[in-house]
Amino acid sequence: MSRICVYLGSREGNSPAFRQAAHTLGTSLGQRGHTLVYGGARVGLMGELANAALEAGGQVIGVMPDHLVEREQAHFGLTELIRVPNMHERKATMAANADAFIALPGGIGTFEELFEIWTWGYLGLHDKPMGLLDTEGFYAPLLAFLDSTVSHGFLAQTTRDMLLDASTPDLLLDALEAQLD
């Protein structure tokens with residue numbers, strides 16, 4: 001099947017729904033035969049996602065810069081842990097190993113990764129599907145802002161439409177898989 005890159009928080013967030021969504025997505029990825037590609041951490045939502053995918057029989061590839069491995073944040077129980085020298089190499093390696101991208105709730109790193117990969121798609125550097133998992137309306141303000149950006153003429157509707165969104169892991173995976181076929 002496909003390799004799905006997931007961007008998400010190394011923290012858990014304030015709602016148990018975020019952890020549950022990460023767990024459900026990891027389980028679904030494993031059960032559907034997809035390989036998870038992610039940042040390689042054992043903590044927060046990242047650890048929950050990876051553990052769930054592994055428990056469901058899935059393959060998990062983590063990509064982590066050396067400076068984070070040395071802080072003991074790395075998950076050493078993965079199918080494969082790729083060590084890279086810096087964050088730029090991490091993002092490039094994750095993108096090169098992915099057929100699609102998903103963003104779960106997260107912070108500034110998640111946002112930066114999402115917008116970079118979306119920009120790369122806009123520039124024609126890839127044509128891989130991308131989506132947001134809008135758990136408990138986490139991304140609703142961003143989605144409204146993006147729609148406003150279209151209405152103000154700063155973003156084409158076709159560019160906005162590149163970024164899928166769904167409120168449950170299975171709905172989002174269904175939408176991504178439809179574009180992968």
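Which residues in helix 1 meet which residues in helix 8? Ala21, Thr24, Leu25, Ser28 and Leu29 in helix 1 meet Pro169, Asp170 and Leu173 in helix 8, where contact means heavy atoms within 4.5 Å. The model is predicted, local features need pLDDT of at least 70, side-chain atom pairs count only at pLDDT 80 or more, and totals for chains, interfaces and linings use all residues. Residues are numbered from 1 along each chain as its sequence is written, and side-chain values use heavy atoms, with hydrogens and water left out.

**Helix packing**

Helix 8 spans residues 169–180, and its axis comes within 9 Å of that of helix 1, crossing at roughly 45°. That makes helix 1 oblique to helix 8; angles under 35 degrees count as roughly parallel, over 145 as roughly antiparallel, 65 to 115 as roughly perpendicular and the rest as oblique. By class, this contact of helix 1 with helix 8 has 5 nonpolar, 2 polar and 1 charged residues.

Helix 1 (residues 16–31) also packs with helix 2 (residues 44–55), at an angle of about 30° and with the axes 7 Å apart. Helix 1 and helix 2 are therefore roughly parallel to each other. On the helix 1 side, the contact residues include Phe18, Arg19, Ala22 and His23, and on the helix 2 side they include Leu45, Glu48, Leu49 and Ala52. This contact of helix 1 with helix 2 has 8 nonpolar, 5 polar and 3 charged residues.

**Aromatic rings**

A search of the whole structure finds 4 aromatic pairs. Rings of Phe, Tyr and Trp (its six-membered ring) pair if their centres lie within 6.5 Å; planes under 30 degrees apart count as stacked, over 60 as edge-to-face and the rest as tilted. Two of the pairs are set out below.

| Pair | Centre distance | Plane angle | Arrangement |
|---|---|---|---|
| Phenylalanine 115 and tryptophan 118 | 5.8 Å | 40° | tilted |
| Phenylalanine 138 and tyrosine 139 | 4.8 Å | 90° | edge-to-face |

Phenylalanine 115 and tryptophan 118 both lie in helix 5 (residues 108–122), 3 residues apart, about one turn of the helix. Phenylalanine 115 is partly exposed, at 32% relative accessible area, whereas tryptophan 118 is buried at 5%; buried means under 20% relative accessible area, exposed over 50%, and partly exposed in between (1.4 Å probe, protein chains only). Likewise, phenylalanine 138 is partly exposed at 30%, while tyrosine 139 is buried at 1%.

Phe18, Phe138 and Tyr139 form one aromatic cluster.

Key:
Axes fitted to C-alpha atoms, helices over the stretch in contact; angles between N-to-C directions. Helix = DSSP H or I, 4+ residues; strand = E, 2+ residues; numbered from the N terminus. Nonpolar A, V, L, I, M, F, W, Y, C, P; charged D, E, K, R; others polar.
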